[in-house]
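Biologist: Before we discuss any labels, show me the model. I will then ask what each label rests on.

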Amino acid sequence: MYEVIAFYIFAISTMVLFTITVMSKNVLYAMTALAAGMVMISGFFFLLGADFLGVVQLIVYVGAVMALYAFSMMFFDATKDIKEKHQNPSLAFVLGGLMALVFVIMFSAPIIGENIQALYPVGLAEGLGAFGNAQDVGLVLFTKYLVPFEVAAVMLLVAMIAGIILAGKKMDYSLTECEASDKELEDEILKGGAK
Amino acid sequence: MDNILSILIFFPAIAGMLGFVVDKNSAKAYGVSVAAIELLLSLWLWVLYDGANAGMQFSEFIPVISEFGIAYNVGVDGISIFIVIMASLMTLLGMISLDSDLKKMKNMIISLLFLEMTMVGVFLSLDAILFYIFWELSLVPMLYIIGAWGGPTRVYAAVKFFLYTFAGSLIMLVGLLAMAYLFQVESGIWSFNLLDWYTLKLTDNEQFWLFLAFFAGFAIKVPMFPFHTWLPHAHGQAPTIGSVILAAVLLKMGTYGFVRFSLPILPDASVEFTPFIMALSLIMVVYTAMVAFAQKDMKQVIAYSSVSHMGIIMIGVFAMNAEGLGGSVFLMLSHGIVSGALFFLVGVIYERTGTKYMSEFGGLATVMPVYATIFGVMLMASVGLPLTIGFVGEFLVLLGFYKVSVIGTIIAGSTIIIGSIYMLALFKKSFFGPVTNEKNYGLKDLNSKELTVLIPLVLLVVWLGVYPKPVLGPIDNSVKALLVQMEDHAQSESTKEAIIVSKKEVK
Amino acid sequence: MESLVYVALFAPFVGSLFAGLFFARSPKTHLVGIVASGLLALSFIASLMLAIHVAEFGAVHVTLMDWINAGDLSIPFGFLVDEVSVTMMVVVTLVSTVVHIYSIGYMDHDKGYNRFFSYLSAFVFSMLILVMSDNFAGLFIGWEGVGVCSWLLIGFWYHKADRPFEENPSISPSWAANEAFIMNRVADLGMLVGIFLIYWNIGSLQYDVVFEALPNLKDGILVAIAIALFIGAMGKSAQFPLHTWLTDAMEGPTPVSALIHAATMVTAGVFLVIRANPLFSLDAVAGVSFFIASLGAFVAFYAASMALSARDIKRIVALSTLSQLGYMFAAAGLGAYWIALFHLAAHAFFKALLFLGAGNVMHAMDDELDIFKMGGMKKVMRGSYIYMGIASVALAGLPFFAGFYSKDAIIETAFNDGSFIIWGILVITAGMTAFYSFRQVFFTFHGDERYKALGFHPHDMYKYVLVAMAPLAALAISFGWFMEDFREFITRNLPDYEMSHHTHHWAWLLGLLVIILAVTGIVIAYKKYAGTGKEAWKRDEVFEQSFIYRLVANQYYVPKFYDEFIVKPYTIASEKFWAIDKAVVDGSVDLIAKAFYKSGDVSRGMQNGNLSSYLNWMGAGALLLVVAAAISAFIG
Amino acid sequence: MEIGIGHYLILSGLLFSIGFVGVLRRKNLLMLFFATEVMLNAVNVAFAAIGNYYGDLSGQMFAFFVIAVAASEVAVGLGLLIVLYKKYGSLDLDVIATMKG
C-alpha cells in the first residue's frame, strides 16, 4: 500500500518537475526543477529495490551533473529570461502528445507485457539475491560487465579531460575577444623581441 | 606476338599516361603517331588472324579474383576484329582532323587515347566484368570530350548522354551478376567467362528477365527507339571528333553486345523477343528517317540517319541466319565508316562557316566541288548504292530478314526510299542551286589535312563495296559458328526452327 | 573472247575515270571528249565483234571474281554475253558513241565539260553491267548505277535555282534529279523484294540456275516474284504511276535525254522483262503478263495524249518515249519478247536521233524549249531538219522506216493474241503518235518564222556533229529491213512468236489501217501547223481553256496529286514526328530527370541550417519509428 | 492495487514524452541538454523497472551505463557550450544556424 502511495507521489512530482524543466523560461528554475526531478527518480530506484542505482543516481546526477550545470551556468547569463521564437508552437506538443499516446497504448496493452521475458535472470538463477542489492551489483559488474565497466571508466576519464580542455582553453580571457587579444599578445612579443 | 591483344588494349592507355608529360605544342604529333602505331598493330593483328578459323584467337587468360571467377580474359574472332581495326582507324583519322590550334589540345589527345583503350577493350573482352569495366569507362572520356569542347548546351547534352547510358548499363550489370549467379548455382563454380556462359542452359523465365536486363544496357547504347533521344543532343553538341567516334564506334557497342551476349547466351529469349525487337527497329528505321527529313541542322540529319541505320543493323542481328547476322556485322563497319565520314564532312563546313544550318548554305557544289564530290560519295554509300560499302551490309540484312518477316522487310526496305529522301534533300538544300548566301562565295575547298582524313575513307568505301570478301569472309565464318552454337544451345523446338544454320560447312 | 568482254565493259569505265580523276578540276579540254568517245567507240567495236562471235559460236560466260559470299549466298561478278545482252550492248554502245561525239559539240560552251563526260561514260559502264550481268544482283548493281548516273546527269546544271511549279513543271534540275532518283528507289524496293524471293526459294541468283528452277516453284511464289520484278521494271521504264520523273528528267542536258531517257536506261525495265522471259512466259504468271501488256497499252495512249498538247520540245519527245515504252511492254507482256527487243533497238536509234535533233534546235535557240516560239527553221537548219524528219517518220511508223516494222509487229501481235482492246488502243495511239511528232516538226521547221520577232539568231550545229548523227539516221531508216535476220539471231535465245494463219491473212489490212491512220495524223498536223502567212497557225485561246485541254496539259494533274497527297503529307508528318520526338519521347526522359531535380529542390528546404528544425524532423522520424514499432508489435 | 511493470513503463513513456516535447520545443542549447537528461532518466526508470520485475540485474546495469554516458556527455557537451557561447554570445539555435546547405 505504501508502495502504491509512494509510486504515485513520486510519479506526479517527477512529471510536474520535469514539465517545469521543459517549459520554464528561466534557466535557474529549470535547473532546480531538474535536480529535484532527479531526486524523485532515485526514489523509484529505491522502490524497485535497486538501492545501488538509486545511490548512484543521487551522487552522479544530483551531485556531479547538476554541479557541472551549475558551474557552467556561471559562464552564461542565467538571470535573464530565455527568449525563444517558436514558428510552430503547437508542433512539439502534437508530436509529444502523439508519442505519449503511443507509449500508453503500447504499454497498457497486455500483449506487450506478456512478451517481455528475462533473458539472463542473473540474480535469481545464481542465487545472488541473498546478499542485498549492492553486493549483487558489484558481483555482476566485476564479472559479467567487467569490460564495459572498464570502457565506461576510460570514457569518463576522456570526457573529463575533454571537458577541461574545451572549457578551460584560454580561461583568462573571453573567446569573443580572442583575435584582438591575440594581436595584442603578438605585438607585445614583437616589441619585446625588438627590444 | 602472343599477347598482341593486350598490347592493343593497353598501348594507347600507357601512351595516354605518358601524354601528360609531352609538350603542349607537340601533343598532336604525339597523338597521331601513337594512333598510327595502334592502327598498324591492329592491321598486324589482321595479318596474323586466321580467317578460316571461326573461334576465338589470341586468347589470353589471367585470373584476377579466382574465387569469383573474374579474370582478365581477352580474345578476338571475326565479329570483333574489324570493329577493332575500325576503331583504331577512326581514332587516327580523328586525331589528324583536329584543328592544330584547338584549346587544351593535350587533354583532347589524352582523352582520345583513353577512349581508344576502352573501345578496343570492349570489343576484345571475353570476361563479363572486364567487358563491363571497359563499357563504363568509355563513357568518361566521351563525357569529357562533349562537355569540354562542345557547343552551347554541351553540359546538358553530356550529362544526358552519361546518365542515360549509365542507367541502362547498371541494369545490364545486374543482369551480368545474375547470370554469374545462375551459372554458379548450376555448375557450382563462379565464372564470368563468356565462353563458359555460352554452355549454360537457362529456363525460359530466367532467359526472359536476363534478356530484358541486357536489353536495357544495349538498347540505350544502340540507341533503339524510344531510347534514342540522347543521341541527337550528344551529336548536336559534340565537337566533330566526338561525333565521329560516337557514331562510328560507341554505338556499335550496343549492337555488338546483342551479338556477343544476348544471342548466344539467351537463344530462346532472343527468338521469343524477335517480334518486339522487330517492331521497335522498324519504328526506328521509318520514324527517325522521317524525323531526319524534318531537320534544319545538317548534323542532326546525319545524327537521326545514324539512328535509322542502326535500326537496320538491329533487324539484321535478329534475323537469326548467317546472311542477316553477317550482314549486320558488316553494316556496323560500313555504318561506322560512312557516318564517321559524314560527320567529318559536316565538321569541315562547320569549321569554315560556324553554322550547320542548311538554310545558310545552298550552291556549295559550285564553291567547293571536291567537298561536294566526297560528300556525294558518302551520301551514296549512306543510301546503300551497290558497289559502295553501304550496299553489301544493307542488302544482306534485308535479305536475311526476309526469312523472318516479309512485311517487316518491306517496311525496313523502305529505308532505301526514305533514306534517299532525306539525304538527297540535304544535298539539294546545301549543295545545289545558286549560291544564296554571299558569305559562302569565299569558302575554300578541302585542304590537304582534310583530304588526308577523307581520302582513305572514300577508298575504303569503294574497296569494301567492290571487294568485301577479305572482311566478309572471316565475319561469315564466325557468324556461322555462332549460329551453330546457338542452335545447339537452344532448348525449345521453335527456337531451333527459327535459327537457320547455313548448309555450307563451318570449320 | 573473254578479253573482248572486258574491253567492251571497261572501256567506258576507263573513259569515266580518265575524265573524272585527271581532268575534274582542270579547265575544259577537248582531249577529254575525244578520249571518252574513242573509248566508247572501242567498246562498240568490241561489242560488235562479240555479236559476231555469239552469232557463230553461241554465248560467252565469264566470271571476274567473287563479290558477296555470306551464308549460303554467293554472288560473283559474272558476265553473260548471249544474243539478248549482246543486242543491248551493241545498241547501247552505238548510241552512246554517237551521243558522246555529239556532246563534244553540244557541251562546247559548258563549264562542266569534263565532268559531263565523266558522268556520261560512267553511265554507259553501269548500263553495260546491267545488261551483261549473269545474275540478278549484278543486274541490280547496274540498275542502281544507272540511277545514280541519271541523278548526276539530270542534275548536271545543279546551280539553277528552283522555280515555282507554274513556271516550270520540273522546278529545277536538282529537283528533277532527286525526284527521278527517289521514284526509282520506290521501284527498286520491289526489285529487291523480288531478289529476296528468288534467293529464299531457289537459293541462287544466277540466271541459269533460277530459270531452270522456276517451273518447280509454287504458283503463288511465281506470281509474287513476277509482280516484284515488274514493279522494279515500272520504275526504271517510267510506267504509270511512276512516270512523272521522266518528263521532269528533261531538265538534264539534251545528250543525256537522248542517251539515258530515250535510248538506254528507260528501256532497262523492258530488258528485265525480256531477260526474265522464262518467268513471265510461265502459265502461272499469265495474269501478270497480261497486266504488263495492258499497262503498256494504257501508258502508250496516256503518254501520247499528253504529247498532243505539250509545248516543250523535249517534253514532247519524252512523252513519245513513254508512249513507245508502253508499246514495248505490250509486246513483252503478250509474249512477243523478240518483237519487244526489236522495237527497243529500233526505238533507240530513231528516238536518240530525234532527241539529238531537238538538241540542235535548242542549241540554236539558246535553250528555248517552247515550240510556239519557233517555226520556219528549216531554212537555217537544214541538216537537223532532215534528221528530225527521218526520225519522226520512223516514229510515226511510215512504211520502210524502222518504226514501221517494229510497231506494226506489235500491233499485229495484239491482234493475234485476241486482245482487241489492246489492239484498238495501240492502233489509235499510232495515229496520235504520227500527229504529235509531225506537229512538233511542223511547228519547229515550218510555218511563220516566229522566232525572228523574239530576237533569236539560230544556226545549225557543227558539221562533225551532224556527221556523227548519220549512223543513227541510217539505222532509223534501215533497221527494219533486217527484221528477219534479227529474228533468226535472237530466237535462238528468246522464244519465237508465231502469228497465226488467220493473222497472216489479215496482216496487210492491219498494216494498211495503221498507215492510213498515221498518214491522216500527219496530214492534219500539216494542215494545222505548217501553213505560212494567212494560213499560219494561230493560238486558239478558247480551246486552251477547255477542260480536256487543261487536263492533258497538266499531265492529268498527276504531279499535282503527288505533290498534294504524298509530298506535302510526308513533309507535315515529318515535322509532326519531330515535334513528337522532342516533346514526348525526349520530354518523358527529361521529365524523369526533372522529377529528381524537383524533389531535390523541395527537400532542400529542410536543410535550413537550424538545428532546432532538424530536431523537429528527427522527432517526427522518431515518432514514426515508434509508431512502426508499435504496429509491428501488435501485428507480430 | 498492485503497482506492476505496466505502471512503470507508462510512467517512463510519459516522462520520455515530456523530454521529447522539450527537445522539440526548446531552442536554447542548455535547455535542450536538460530535456535530454529528462529523456535519459525516463529510460533509466524503465530499465530498472524491467530489471526488477524479471529478476535480472542487466536492467540496472544498463541504467548504470546510461548514467555514465550521460555524465560524460554533460562534461563534454558543457565544454562545447562554453566555446559556442564565447563565439556567438548566445546559445539560441536560431542564432547559431551555420549549417545551412
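Modeller: The contact takes 72 residues from chain A and 64 residues from chain D, where two residues are in contact if their C-beta atoms, placed from the backbone, lie within 7 Å. This is a predicted model, in which local features need pLDDT of at least 70 and side-chain atom pairs count only at pLDDT 80 or more, while totals for chains, interfaces and linings use all residues. Residues are numbered from 1 along each chain as its sequence is written, and chains are lettered from A and ligands numbered from 1 in the order in which they are written.

Biologist: Which element gives the most to the side of chain A that touches chain D?

Modeller: α4(A), with 11 residues. Helices (H or I, at least four residues) and strands (E, at least two) are DSSP runs, numbered from the N terminus.

Biologist: How do the residues of that side of chain A divide?

Modeller: Into 54 nonpolar, 14 polar and 4 charged. Ala, Val, Leu, Ile, Met, Phe, Trp, Tyr, Cys and Pro count as nonpolar, Asp, Glu, Lys and Arg as charged, and the others, Gly among them, as polar.

Biologist: What makes β1 (residues 60-70) and β2 (residues 73-81) of chain C a pair?

Modeller: They are joined antiparallel over 9 bridges, and two strands pair if DSSP finds at least two bridges between them. In β2(C), Val81(C) is the bridge partner of Val60(C). The two strands form a hairpin with 2 residues between them, and Gly71(C) in the turn has a positive phi of about 60 degrees.

Biologist: Why is Leu102(B) called partly exposed?

Modeller: Because Leu102(B) has 16 other C-beta atoms within 10 Å; buried needs 20 or more, exposed 12 or fewer, and partly exposed lies in between, with C-beta atoms placed from the backbone. Leu102(B) sits in the loop between α3 (78-97) and α4 (105-124) of chain B.
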